[in-house]
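I opened the notebook to go through this structure one item at a time. The entries below follow the order in which I looked things up.

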Amino acid sequence: MMALNSDSSMGISDPQCTSKPVVAHIELNCSEPVTQQLDCQLKTLQITVLLAPSGTGKSSLFNAIAGVAPASGGLKVTGQQQLGMPAHKRRIAYVTQSPLLFDHLSIAALLKLVAKQQAQPFDISWAIDPLGLTDKLVYRAHQLSGGQCQRVALLLAMIKGAPLLLLDEVLTGLDQLNKQACIGVIKDYLCKVQGAALLACHQLDDVLALADSCLLQHTINNSTQWQMFPVDEGVERYQQQLLESQSSENIQGSQFTSMFYGQVHAHFPALGLTEYHVGGQRCFAAYNSEHQIGRLQPLILKANRLGLSKIALPESSFVNQLKVRITAFYPVNMGKEQGMLVKVRLANSEQDGVHKPASLHVWITRLSFNQLQPKLDETWFLIGKADALHG
């Protein structure tokens, strides 16, 4: 499980989000390689993720927004129409999935070259150290790892200072520490330029850590349309789409991530733990001093880090035991190991009266499922150690 920082919008930490200025108004129609439509507004500091399987047109849609693929309709950024303008003049910065960096220049020289091409280059010096690139400026692209190249590409895009940032799998290949640094830089950039971002990402825990809204696909008259949801609802709907549209051979238990909300109750720095209360139940996560006592925080858990028990276990080692009700079963594998994805709802999880009862997933092996024989509507205990809920 993982606790998110309250600075993320998430629909709960910024109740005035609806009153923020609109950064981009997108009404695009694309026909290649798939017919799709996007109609949405992005507001200041809003980060929206496109959730869809590979090969469904996310990169093509980004190319159309950036101006490197044809599209019709309308695309306004800070009130200025962008369609019809060449890509380099659009108020849009684009980090592609596979950035091409000039290998004959050092990273420092490449940054200077791109800055010279801008009428008013945006100062990105503040972002170099957080991205772990200070000692890499003398290197050339072929001397960097894939993750380092991706972070250099983010720097190059930010030099443009554009208020709309497109990020195509920018977090792929990064370890957890570098992901957190990258997320921090993206959010700081949006604050500095009063911008918004569109993100393509397959790791749902990254989505929940970075985004505050999701765009999901649905088909009408053979045309793919994108619909926006709050991030928690969007992730839950997307995972349900995966379960309903694909066989168990095509999805893995490690893909499933759930979110619920807990009220911060107490900090235990000496133990490295923070205690949260969820609908009258308590759970522990890694210590996070930024989480204020009494505040509601979004919490994340991964299906493959949990277990089920029919009875409560003796208290030991800060094991989290959350009472849940079983709502559904799905055959889902983990690698070559057969298993079952068990869908549950937290008991008494109405919480603060704002959020609906949380729907969560836990993955167990087929052998465990056959031994435990859980049944629909039964009450069980969701088991996870404190280190499964990260702060």
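Predicted model: local features only at pLDDT ≥ 70, side-chain atom pairs only at ≥ 80, totals over all residues.

**Entry 1, the core.** Which residues of the largest nonpolar core touch the most other members? I found L51, L154, L155, I186 and V207. The core counts 68 residues. Helix α4, residues 146–158, gives the most to this core, with eight residues.

I then listed the contacts of I186, leaving aside neighbours within four places in sequence. I186 is in contact with I47, L154, L165, L167, V170 and L210.

Q321 sits in strand β17, residues 319–331. Is Q321 buried or exposed? I read a relative accessible area of 16% for Q321. The cut-off for buried is under 20%, so Q321 counts as buried. The side chain of Q321 reaches the backbone nitrogen of L313 at 2.6 Å. Not counting residues up to four places away in sequence, Q321 touches Q281, A312, L313, P314, F381, L382 and I383.

The protein averages 86, and 89% of the residues score at least 70. Among the elements, helix α3 (residues 125–128) has the highest mean pLDDT, 96. Strand β1 (residues 2–3) has the lowest, 54. Over residues 4–17 the pLDDT is below 50. I still counted 37 contacts for this stretch in the model, beyond near neighbours in sequence.

Terms used: Residues numbered from 1 in each chain as written. Heavy atoms only, no water. Helix = DSSP H or I, 4+ residues; strand = E, 2+ residues; numbered from the N terminus. Buried < 20%, exposed > 50% of the residue type's maximum accessible area, 1.4 Å probe, protein only. Polar contact = N/O pair within 3.5 Å; in protein donor to acceptor, adjacent residues only side chain to side chain. Contact = heavy atoms within 4.5 Å. Core = buried A, V, L, I, M, F, W, Y, C linked by side-chain atoms within 4.5 Å. pLDDT = per-residue confidence, 0-100.
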